[in-house]
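Here's a quick tour of one protein chain, meant to be read with the model open beside you. Grab a viewer and follow along.

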Amino acid sequence: MALNARLDHRNPLVFDTHELGRRPGALQRLSRTVDAPRDFGIQGVIGVPEGAPVELDLRLESVMEGVLVTGTARARAEGECVRCLEPLELELEADFQEMFSYPDADDRGRPKAEPADDAEEDEDRLFIEDGLFDLEPVLRDAVVLALPMQPVCQEDCPGLCAECGARLADDPDHHHDAVDIRWAALQGLAGTMSDGEKDEMSGAEAGVDEKQEK
C-alpha cells in the first residue's frame, strides 16, 4: 500500500519503533492486550466481537530496509454452526509476519536516489511513518486466515432435519416415515375427498353389486 496516512500513537494497534532504532539486528519484544476492532473476522460467519480482548505477542526486528514484525494474536471468536445453526465459540490463535519498510530506503536498504516511477511497486507494501506502524491490516488478514470458513459446533454435527428443521443432535432417533411416491398422489386425493363423496361412491358400488347378483 502507499504511505500510511498520519498515524495516531494513541491507537492501541499503532506501534512505536523509536526505541528499537535503525541498527540492523536490534530486537524488541512486546506484549499488549487490545480491544478487537469492528468487523474483526469473516463477515456474517464468525469473528471476534467488537471490543473483545485480543492478546498480542510481538517480536520487532530491525533490518536494513525496515522492521520485520513477527507475532501471535489470541482471542475468542463467536459464530454460528453452519450445520445446525447453533451459536458457537472457539479459541483463536493467529500467527503473522510482515515487513514494514522505511519510506526512504529501497529493497537493498540504501537510500533512494529519486522517487519511484512506478507506484504499483508500493501497492502491497506497508510503511513506517515517523517511526510508527499500524498493525491492524496485518492482524485482520491473519485472523481471517486462521478462522474456519465453515465453522461447526462439533466435527460430527449431524445438522438439521431436511423435512422439519429439528436439530438431529438433540434426537438421534429422529426420523420421518417414508412414503412411496407412487402412492403419494392417491393419498393426497383421498385426503381431499369429503365424507359425502365417499358415501356416494360406496352407494354406487353397492348398486353395481346388486345388479351383478341379479
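## Ground rules

This is a predicted model, where local features need pLDDT of at least 70, side-chain atom pairs count only at pLDDT 80 or more, and totals for chains, interfaces and linings use all residues. Numbering runs from 1 along each chain as its sequence is written, and side-chain values use heavy atoms, with hydrogens and water left out.

## Overall layout

The protein chain has 9 strands and 3 helices; these are DSSP runs numbered from the N terminus, with helices (H or I) of at least four residues and strands (E) of at least two. Along the sequence, the pattern reads β-β-β-β-β-β-β-β-β-α-α-α.

Of the 214 residues, 31% are buried, where buried means under 20% relative accessible area, exposed means over 50% and partly exposed is in between (1.4 Å probe, protein chains only). The chain exposes about 14400 Å², with carbon and sulfur atoms supplying 48% of that area; the areas come from the Shrake-Rupley method with a 1.4 Å probe, and for residues only the protein chains shown count as cover. Take the contacts (heavy atoms within 4.5 Å) between residues at least 6 apart in sequence: 63% of them join residues at least 24 apart.

## The nonpolar core

Which residues touch the most other members of the largest nonpolar core? They are Val 48, Val 54, Leu 56, Val 69, Phe 96 and Leu 135, out of 38 residues in that core. Two or more core residues come from each of strands E3 (40-42), E4 (46-48), E5 (53-63), E6 (66-80) and E7 (87-101), and from helix H1 (136-146). A core here is a set of buried Ala, Val, Leu, Ile, Met, Phe, Trp, Tyr and Cys residues joined through side-chain atoms within 4.5 Å. In soluble globular proteins, nonpolar side chains tend to be buried together.

Leaving out residues up to four places away in sequence, Leu 135 touches Leu 13, Phe 15, Leu 56, Leu 58, Val 69, Phe 96 and Phe 100.

## Helix H1

The buried residues of H1 are Glu 136, Val 138, Leu 139, Ala 142 and Val 143. Looking down the axis of H1, these buried residues fall within an arc of 155 degrees, so they line one face of the helix; the arc is taken from the directions from the helix axis to the C-beta atoms. On the other side of H1, Asp 141 and Leu 145 are exposed.

What covers the buried residues of H1? The cover includes E3, E5, E6 and E7, along with strand E8 (126-127) and strand E9 (132-134).

## Rings

There are 2 aromatic pairs in the structure. Phe 15 and Phe 133 are stacked, at 5.6 Å centre to centre with 20 degrees between the planes. That pair links distant parts of the chain, with Phe 15 in strand E1 (residues 14-16) and Phe 133 in strand E9, 118 residues apart. Phe 100 and Phe 133 have ring centres 4.5 Å apart and planes at 35 degrees, so this pair is tilted. Phe 100 is in strand E7 and Phe 133 in strand E9, so the pair ties together parts that are 33 residues apart in sequence. For reference, rings of Phe, Tyr and Trp (its six-membered ring) pair if their centres lie within 6.5 Å, and planes under 30 degrees apart count as stacked, over 60 as edge-to-face and the rest as tilted.

Phe 15, Phe 100 and Phe 133 form one aromatic cluster. Both Phe 15 and Phe 133 are buried, and Phe 100 is buried too. Elsewhere, Arg 22 lies over the face of Tyr 102, at 3.6 Å from the ring centre; the test wants NZ of Lys or CZ of Arg within 6 Å of the ring centre and within 35 degrees of the ring normal.

## Single residues

Gln 28 is in strand E2 (residues 27-35) and counts as buried at 12% relative accessibility. Setting aside residues up to four places away in sequence, Gln 28 touches Asp 16, Glu 19, Leu 20, Leu 58, Arg 59 and Leu 60. Ala 75 belongs to strand E6 and is buried at 7% relative accessibility.

Two loop residues other than glycine have positive phi. Leu 85, in the loop between E6 and E7, has phi near 70 degrees and is partly exposed, with a relative accessible area of 45%. Asp 130, in the loop between E8 and E9, has phi near 55 degrees.
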